[in-house]
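Take a look at the display below, then follow the points topic by topic.

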Amino acid sequence: MKKLVLLILITLISQSIIAQKKIWNETQEEKDKRLEWWRNDRFGMFIHWGTYALAGRHEWVKKHERIPDEIYNRYFENFNPDLYEPSEWARLAKAAGMKYAVITSKHHEGFTLFDSKYTEYKATNTPYGKDVLKMWVDAFRAEGLKIGFYYSLIDWHHPEYTIDRVHPMSANTQEDYDELNKDRDMGIYREYLKNQVREILTNYGKLDILWLDYSFPGRFGKDRDDWGSVELLKMVRELQPEIIVNDRADLRDYWGGWDFTTPEQFKVTEWPTYEGKKIPWETCQTFSGSWGYYRDEYTWKDTKQLLVLLIESVSKGGNLLLNVGPTGRGTIDYRAVNALNSMGEWMKYNSRSIYGCTQAPESFEVPANSLLTYNPQSNRLYIHLLDYPLQNLTLKGYEGKIKYAQFLHDASEVRITTPRMHWNQPEISQSDINLRLPVNKPPVEIPVIELILEN
Ligand code: GLC
């Protein structure tokens with residue numbers, strides 16, 4: 001009996017090795033090379049823009065309020081962003097320290113910002129009448145930013161797209177779904193989606209990122225077979241071999257089916273892994289509670305929270321994609337502009353602790369109330385002081401490792417001394433080091449100490 005179980009196990013394992021599912025034959029080294037710029041740049045802008053901006057109450061408004069097409073169409077009929085100046089957006093992103101940007105070429109509502117030949121539901125057919133995506137690409141490229149397209153696999157407009165549990169017309173029972181879907185053919189939609197992805201990957205030059213969104217397998221859900229994900233990804237790799245793709249097409253078990261994972265509105269507690277290995281990751285986050293423009297939403301994160309989000313992501317080896325939802329006029333909400341400017345102010349002096357940085361080697365203990373990042377190239381360690389200490393910062397396990405210490409924002413020396421003692425306090429270890437800090441917190445939201453390490 002035991003032998004039999006063992007035999008079955010061995011066959012199963014060897015079969016899975018032989019039949020490793022693959023989109024393409026890229027090697028791990030080639031993949032690392034392809035992702036190098038993205039890992040280095042760390043900070044990007046997400047842009048959610050569509051006709052939902054006119055509703056001004058969430059990009060899911062059609063689903064949340066179960067709005068029928070005839071009514072929802074009013075946002076399409078009135079889409080006319082007369083103040084749209086993508087070069088202003090690009091400058092804003094760049095000044096904030098962002099190095100790349102990803103825009104919704106199509107969101108779940110089905111409306112395309114690009115001039116697709118497969119639909120009439122597109123920006124060029126609105127009163128605005130222009131290929132919004134093309135303008136965006138030109139402007140962002142001109143500012144030297146890397147560019148990416150988000151494309152929604154989900155589509156709440158296409159007549160052949162079968163109704164599922166996230167659709168505005170979602171139902172309760174199998175019978176209801178059967179009835180609703182009896183004249184719909186997902187095969188036709190699958191072709192449509194492939195055609196549109198081909199369009200965005202061929203009509204706008206070289207792209208850096210593709211962000212497909214999203215799969216929800218299970219009852220009344222959709223998965224790789226609904227999207228035709230395997231074929232889709234093969235086409236993507238062929239058309240744009242350098243492009244970096246997210247992980248929402250339900251191809252986790254396919255080599256080449258995804259490049260990085262995407263914890264959404266979620267602060268990871270540690271560097272995410274897959275099959276025991278640390279994987280590239282990027283958290284996407286909003287300034288407030290919605291991706292699309294939401295006029296009456298007030299849960300805006302403050303500058304410190306946003307900076308911590310960025311620093312903490314890098315401290316765990318990841319990226320941050322921070323979202324703006326432009327208005328129906330084509331401008332960016334003043335609250336987002338303010339937040340971006342404040343982040344930019346910090347980045348101007350401190351970005352050295354972000355770009356090219358990653359998680360610090362474990363041998364460096366993280367001091368209380370701080371976050372560490374590390375640049376392996378320059379061999380420098382960055383201590384971000386989230387809660388400014390009173391004059392002394394003790395570093396454990398750093399003895400003999402520090403050549404020089406300075407504040408990052410003004411390159412002023414931070415003196416290294418021996419730890420201070422008091423007769424009734426526990427003995428401080430010989431290997432501890434003390435950084436002598438000025439009483440007053442330097443005039444930066446989160447001060448950073450740069451440690452130049454011994455080789
Ligand atoms: C979700 C939402 C969506 C948003 C996205 C960003 O999947 O459906 O509205 O675009 O996440 O990660």
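Predicted model: local features only at pLDDT ≥ 70, side-chain atom pairs only at ≥ 80, totals over all residues.

E30 counts as partly exposed because its relative accessibility is 44%, which falls between the 20% and 50% cut-offs.

**Helix α12 and its neighbours**

- Helix α12 covers residues 229-239, and its buried residues are S229, V230, L232, L233, M235, V236 and R237.
- Those buried residues pack against α2, and also against α10 (186-202), β4 (209-213), α11 (224-227) and β5 (244-245).
- As background, an α-helix has 3.6 residues a turn, so residues three or four places apart point the same way.

**K62, a lysine in a helix**

- You will find K62 in helix α5, which runs over residues 61-64.
- Is K62 buried or exposed? K62 is buried, because its relative accessible area is 1% and the cut-off for buried is under 20%.
- The side chain of K62 reaches the backbone oxygen of W156 at a distance of 2.8 Å.
- Setting aside neighbours within four places in sequence, K62 is in contact with I67, D69, Y72, W156, H157 and P168.

**Around the ligand**

- How many residues surround the ligand? There are 14, and the closest are H48, E59, H107, H108 and E264.
- Sorted by class, the shell around the ligand holds seven nonpolar, three polar and four charged residues.
- H107 places a polar side-chain atom 2.8 Å from an oxygen atom of the ligand.
- For H108, an N or O atom in the side chain is 2.7 Å from an oxygen atom of the ligand.
- Y150 also takes part, with an N or O atom of its side chain 3.3 Å from an oxygen atom of the ligand.
- On its own the ligand has 310 Å² of accessible area, and the protein covers 95% of it.

**Strand β12 and its partner**

- Which strand is joined to β12 by four bridges? That strand is β15 (residues 433-436), and the two run antiparallel.
- Within β15, L435 is the bridge partner of L393.

**Backbone spots to check**

- Q391 has a positive phi, near 65°, and is a residue other than glycine.
- The place of Q391 is the loop between β11 (380-385) and β12.
- Q391 counts as partly exposed because its relative accessibility is 27%.
- R42 is likewise not a glycine, yet has a positive phi of about 65°.
- The loop between α3 (36-41) and β1 (43-47) contains R42.
- Where Q391 is partly exposed, R42 counts as buried, because its relative accessibility is 4%.
- The peptide bond from D213 to Y214 is cis, and its omega is near -20°.
- Y214 sits in the loop between β4 and α11, two elements that the buried residues of α12 pack against.

Methods
Residues numbered from 1 in each chain as written. Heavy atoms only, no water. Pairing = 2+ DSSP bridges. Near = heavy atom within 4 Å. Polar contact = N/O pair within 3.5 Å; in protein donor to acceptor, adjacent residues only side chain to side chain. Areas by Shrake-Rupley, 256 points an atom, 1.4 Å probe, with all protein chains shown as cover. Nonpolar A, V, L, I, M, F, W, Y, C, P; charged D, E, K, R; others polar. Buried < 20%, exposed > 50% of the residue type's maximum accessible area, 1.4 Å probe, protein only. Contact = heavy atoms within 4.5 Å.
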